[in-house]
Amino acid sequence: MTDLMVSMLALIALSATADVQVRLKDVAAPSQDTETAPPPVAINGSVPLWEYTGAIRDTGSGQVGWTDAQVAFGPVQIGTKPFLDLYGSYNAELKLRLYESERIRAAFVFGVYRVPTAAESRGIGNLHASAFANPYAPVWLLPFAFAKSFSFTRTVALHWSSTALYMASDEAAQNHLSFGQTLFAEWRTAPVWAVRAHAGITGVRVSPVMHGALSFAYYGEYVQGNLGAGRRVDLAGEQSSFVMLDAALVFQ
Amino acid sequence: MKTIVILMLGLCACDASYGGFLGAVPVADGHQEAPVQVYIGMDGVSRAAFEGARSRGAFSGWNDTDLIANFPAVSDYSWTRMLRTGTLHGYDLEYFDPEKNRLVNEGLQGVVEHPLRHGVLDPLPVYRKFDFMGDGTFWTVRGYSDPEASLPPVLDEMFYVIANRGRQQSALLTYLMNVDVVSHQGGLPRAIAMLIEIDRRITDFQERHPNRFEFTFFSDHGNAHQQAALVDPRVLLRQVGVQSTDALDPAWACWRRNRTRFKDPFAPMTCSRLCQPCKPRFPRRINRNTRHSTGSKKAIL
């Protein structure tokens, strides 16, 4: 939990800096008519591999951040997760818009991750031991998700993601197909702030794990970020905590 | 300065993202019937604390044996020797550098260095050997500030790692710091209480995973209950027949003047030209003796 507090301080400092910059530049409010534009919803989920939203960015816009760097062209959005690239897990993600209306959005998401051998030993220090370890061979992760987003009001949205995750490796035990369902509710308490609740079950058919989490998001015009913490529980009752963190510069 | 602080905070937090990603990858059970050996390196458990916990019903059915501590019986050195992970510059993080002819990491710097090398950004090699070390970037801070309060989340994370990595590994090595800290801060009674709680959690875990995990715990030293006292090593050395000296000269001066010829300062040497023949004597290493027993639960103290 101390991790979370420290991360929150960093995020607040970052967002405060951004706000000052925005004020100095005397940037006007977004040009779109807020009464007629589709309600704003999150573009990215916060639980890696399993949580996605049905929304993609407008053409030509994108973000460069810790968790996601992406840009959209029409109905297609491409991106990567920079923090994983820094750790040697090179990855790419393709998101394809299927449907968009004022209340409902849907998209397919396809990702490719190459997790290097002994990825568990690449952390800073030895302080976030993970359940996963691949000491003998690299592992390919191929998530394929059908993501749906429902805007109930202009401030409340629900994101539902159905994901199939295929793992491939020279290690026989690392070859399998698993499934997951996640729900991600978002409540915009202010134009730039949101409270989000996350829940889901992942790894079905291999090692099912349920999770629940709470996060807070900041959607500034140039800086966006979110921060939260959650808990995983497997079917035997073993529990683990995790932190969700992102900070990004946005370009329109 | 503000930027540096923000960057440091971000650095501390970023590893959590990586841990969160790896934690989201499902782990298949690669050997469903095979037993998994779990070795818990429990810091600072004394025989007295173990017997105290046993007298109150904990660790029943465990086999136990004694382990003679290394000299000096401090954690970094002991774990490094026990797990055969190279050498330290000296007996501890504070050491004498002959090239600089001064102590390194002396005083407060050594105190600050200890938690950093113990597991934060740049741990000693021995601490990277553990499959599980701590439950987050600030686990040492939490562990030292309130060892009892930090124990449940540490055990939660440790058992989560054991349960999942045990699906593919036949042996696991984990580390637990809290008993050592509570022994230093609260003495024997609090150490006993913590050991009872750890035994309860291990028993609960084994009931959730019947016939799957076999536990052995071992410790690096058991002197954490001793009151701090200054020890003059010269007296101790004399008692075992080793002569000591307050300064390294003339032997050391001889080596320093000829260090291009004599790379190893600890090897007996003769300097015929620049000084009188000199043969510095150093105490032999004290060997560790262990005795092992058989059984599914073992404590080596």
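How many strands form the closed barrel of chain A? The closed barrel has 12 strands. This is a predicted model, in which local features need pLDDT of at least 70, side-chain atom pairs count only at pLDDT 80 or more, and totals for chains, interfaces and linings use all residues. Residues are numbered from 1 along each chain as its sequence is written, while chains are lettered from A and ligands numbered from 1 in the order in which they are written.

**View 1. The barrel of chain A.** The strands run in the order 1-2-3-4-5-6-7-8-9-10-11-12 with antiparallel pairing, where a pair needs at least two DSSP bridges. From one strand to the next, the twist averages 20 degrees. Strand 2 (residues 69–73) and strand 3 (residues 76–80) of chain A are antiparallel and joined by five bridges. Ala69(A) has Thr80(A) as its bridge partner in strand 3 of chain A. Strands are DSSP runs of E with at least two residues, helices are runs of H or I with at least four, and both are numbered from the N terminus.

**View 2. Phe110(A) in strand 5 of chain A.** Strand 5 spans residues 104–115 and holds Phe110(A). Is Phe110(A) partly exposed or buried? Phe110(A) is partly exposed because 13 other C-beta atoms lie within 10 Å; buried means 20 or more, exposed means 12 or fewer, and partly exposed is in between, with C-beta atoms placed from the backbone. Beyond four places in sequence, Phe110(A) is in contact with Leu94(A) and Phe144(A), a contact being two C-beta atoms, placed from the backbone, within 7 Å.

**View 3. Chain B against chain A.** Each side of the contact is counted: 49 residues from chain B and 49 residues from chain A. Helix 1 of chain B gives the largest share of the chain B side, 15 residues. Axes are lines fitted to C-alpha atoms, for helices over the stretch in contact, and angles run from 0 to 180 degrees between N-to-C directions.

**View 4. Helix 7 and helix 8 of chain B.** The axes of helix 7 and helix 8 (residues 178–208) of chain B come within 10 Å and cross at roughly 35 degrees. Residues in this contact include Leu151(B) of helix 7 and Val182(B) of helix 8.

**View 5. Residues 14–32 of chain A.** Here pLDDT, the predictor's confidence in each residue from 0 to 100, stays under 50. Where pLDDT is low, the predicted coordinates should not be read in detail.
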